[in-house]
Amino acid sequence: MAQPVPINVAQHANLKVRNALDLGASSGQQVLPITVPEFSRAGNDCPILFIKNAETGQFQAVMLLGLSREENLIYRDGEWEGTYVPEVLRMGPFKLLMIGQDAELATMGVDMESPLVSETEGEPLFDEQGNATEFMQESRDAIENYHHQGNATRAFLSELVERDLLTQQSLVMEIEGEKVQIDGIYLVDENKVRELPDDVALDYYRRGFLPAIYAHLMSLGQTSRLARLKVQAQRKGGPRILGT
Amino acid sequence: MKRPSSAVREVLVVGGGTAGWLAACHLARQLHPGDPDGVRVTLVESPDIPTIGVGEGTVPAMRRSLQYLGVSETDFIRECEATFKQSIRFDGWMSRPGHSYHHVFDYPRRDPLDLTPYWLQSRRDRSYTDWVGLQSRVCDAGLGPKQMTQPEFQGVTSYAYHLDAGKFAALLTRHATDKLGVSHLKANVTGVHRDATGAIAYLDTDRLGELHADFYVDCTGFASRLLGQTLQVPFIDRGDVLLADHALAVQVPYAAPDSPIPCQTIATARSAGWIWDIGLVKRRGTGYVYSSAHIDHDAAEVELRDYLRGSIGTQADTVGIRRIPMQVGYRERFWAHNCAAIGLSQGFVEPLEATGLLMFDATARMLAEQFPAQRSLMPLLADRFNARVRFAWERVIDFIKLHYCISDRDDSAFWRDNRSPASIPDSLAQNLAIWRHQVPSEYDFSSKLEIFNLENYLYVLYGMDYPTDISAIAYRYAQPETAQRMVAENRALSERVGGALLPHRELIDKIHRYGLQPV
């Protein structure tokens, strides 16, 4: 996977970006990261789970799209089988890069290998005078906003860890005789949430943490939806469905 | 609930350092100072007397203690310059040039059978430790013992820590006072007063007046101001068994900031003792433990500087070295009247198997868990504590002596004298006599409090090629195929595990950056 590069007018004066959804970027992704403001909509389609980043051990909130590695049951044959497309896919080729010695400065980055990026098709990033276009500014606002959502999500996850509300689980299912197991997932322990002291519970309610917790818990039933999608996909031929 | 007047309500720990603060933490964890019915725990330390600050190696029990005391492993690693210790590697303890073996922390695989006799019968082209486990290979490959996705205190292999003693004491101080309700006083003790029964009544200090408590913990180091000096409990010198009586200590840098961090303590045998080498994050702690009866102090310093030159070049000539005399042995009793000693005040042996912090931690926990519910129980509990702790010290001495008395080094009087029968405790000699002709067994270790058990002895005995001759009883070992299968499985497992672990320094850097998750 390519590393996004910082955008600058010197190198990217002629760069254009198609203002479209690149759902293909989710091919082969069993999970996609989501942020707290997205929980209730994402939870209508897919289980929202918490997993650890393999490199850093830190918790992330993800939408589960498949039941085995590199399996995406939601994006098939060019179709998105859900009601909600997560924001990470709507950022296009743009990403916020943190640079500087302590990674304290934010700059806009672009994934040069994205199919949305070219010099011929789409919205220009810079005008003839070398100023950022309105499209570029709107894109920048969108990824900055997404970054803030990410921070809020990290704060939410820290809180769950600190209050010891997470419990490690394995998801085990049998689908048409085949055993499916996903390890290393973490769920909120609803009993512990119910035992929170009143002042904490109220604080969680006001900060949107309680709704997020329940959106996550309510979404867990969507595993059966993924199971049904998997059965459908298998009957069409081939147990692994990658996006096209 | 009203407490009986025979209850013990106030404990005063005298002395800081790692021993004092470990004692304070264990006591507070058990005695609930914050609870109105609980026992108040206070620690008083001198603002002027420095701690000895040299003990930097631990054993896996310390990991369990930190977790039990509620210390965050992330905080500990970040604040104490801590690195992971997975083994002690003994270099040069046998006469064959280049001889080296690991005493690792993982238990040897013994299921479905004990591989020891099969290894003894084999060509021994691979070390015993390699046959029965994978940790020595993990260490030799320079890999850390855990993955970032594992919670605090969990690893793929068993591990302990190397740590900065001063910073560890500071962390324990903060933890004890912030989280466990220990009160912290700073003053010099100017006098210790006893009552009519001989118990300690109160202490005089230079700036806080009198300090009264019901129970006192002596953590005053080698000085042993309470147990030794005041209560006059004699010291039993064990220099008859363990010959080293001095240590030279020094801290040195790595060659480069990103030099690999060793995964083990290295103990290199020398002409009159051995040199320890412990790698922390930014520096190493090293030193020479030696017998001044076999080498003079200047010659010992030359040997240490020669050793250092290999890694730090010409800096070895100028780096500051500290000499510390060691009292090797232990008190006749460790708990007398209303006073128990934890730390160097209790006893000390050369740190060949990292027993310093180990004993502070183990005996502090023992004291805390058996803390008297009422005064009348003190004599009985003291007797019990004294018997257990004495047994522990004797076992520690046996195990350390083992390293010396089964060596075949012949190059100096120090090594030859270490094999003199008069210097070998009977308990050890009996074990060795049996083990000449049969493999060590679980039944050779009778107590839960042995400190060093079957697996520890196996690693050292067969790391040093102890000549156990089982030819007469070879008929007992009739499953060579099973043994081969186990060895092959172990090999395959070690390859898989190796692929899943990071280089040690990289793991430490990541933990500093991202922390470890509690769950």
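Modeller: In α14(B), the buried residues are B:L454, B:E455, B:N456, B:Y457, B:L458, B:Y459, B:V460, B:L461, B:Y462 and B:G463. Here buried means under 20% relative accessible area, exposed means over 50%, and partly exposed lies in between (1.4 Å probe, protein chains only). Helices (H or I, at least four residues) and strands (E, at least two) are DSSP runs, numbered from the N terminus. The model is a predicted one, in which local features need pLDDT of at least 70, side-chain atom pairs count only at pLDDT 80 or more, and totals for chains, interfaces and linings use all residues, while side-chain values use heavy atoms, with hydrogens and water left out. Residues are numbered from 1 along each chain as its sequence is written, and chains are lettered from A and ligands numbered from 1 in the order in which they are written.

Because 10 of the 10 residues of helix α14 (residues 454-463) of chain B are buried, this helix is largely enclosed by the rest of the structure. The cover over its buried residues includes β5, α4, α5 (128-132), α11 and α13 (426-435) of chain B, contact being heavy atoms within 4.5 Å. Just after α14(B), B:D465 adopts a positive phi of about 55°.

The loop between β5 (100-104) and α4 (116-121) of chain B holds B:P112, and the peptide bond from B:D111 to B:P112 is cis, with omega about 10°. Most residues other than glycine have a negative phi, and most peptide bonds are trans. B:D114 also lies in the loop between β5 and α4 of chain B. With 18% relative accessibility, B:D114 counts as buried. Leaving aside neighbours within four places in sequence, B:D114 is in contact with B:V439 and B:P440. Its C-alpha atom is separated by 35 Å from that of B:L163, 49 residues apart along the chain.

In soluble globular proteins, nonpolar side chains tend to be buried together. Neighbours within four places in sequence aside, the contacts of B:V217 include B:V11, B:L27, B:L226, B:I342 and B:L367.

A:Q58 is found in the loop between β4 (48-52) and β5 of chain A, and is partly exposed at a relative accessible area of 31%.

On a 1 Å grid over the protein atoms alone, a cavity is a set of points where a 1.4 Å probe fits but cannot get out, and lining residues have an atom within 4 Å of a point. Grid points are joined across faces, edges and corners, and the volume is the space filled by probe spheres set on the points. The volume of the largest cavity is about 30 Å³. B:L344, B:G347, B:F348, B:V349, B:T355, B:G356, B:F360 and B:W393 line this cavity. Three of the lining residues, the largest share, come from α10(B).

Finally, the cysteines: the search finds zero disulfides over all chains, a disulfide being a pair of cysteine sulfur atoms within 2.5 Å. For B:C219, the nearest cysteine sulfur is that of B:C339, 9.1 Å away; B:C219 is buried, with a relative accessible area of 7%. The sulfur of B:C263 is 5.3 Å from the closest cysteine sulfur, in B:C139, which is too far for a bond. B:C263 is buried as well, with a relative accessible area of 1%.

Methods:
1 Å grid on protein atoms, 1.4 Å probe; cavity = no way out; pocket = protein on both sides within 12 Å on 5 of 7 lines; lining within 4 Å.
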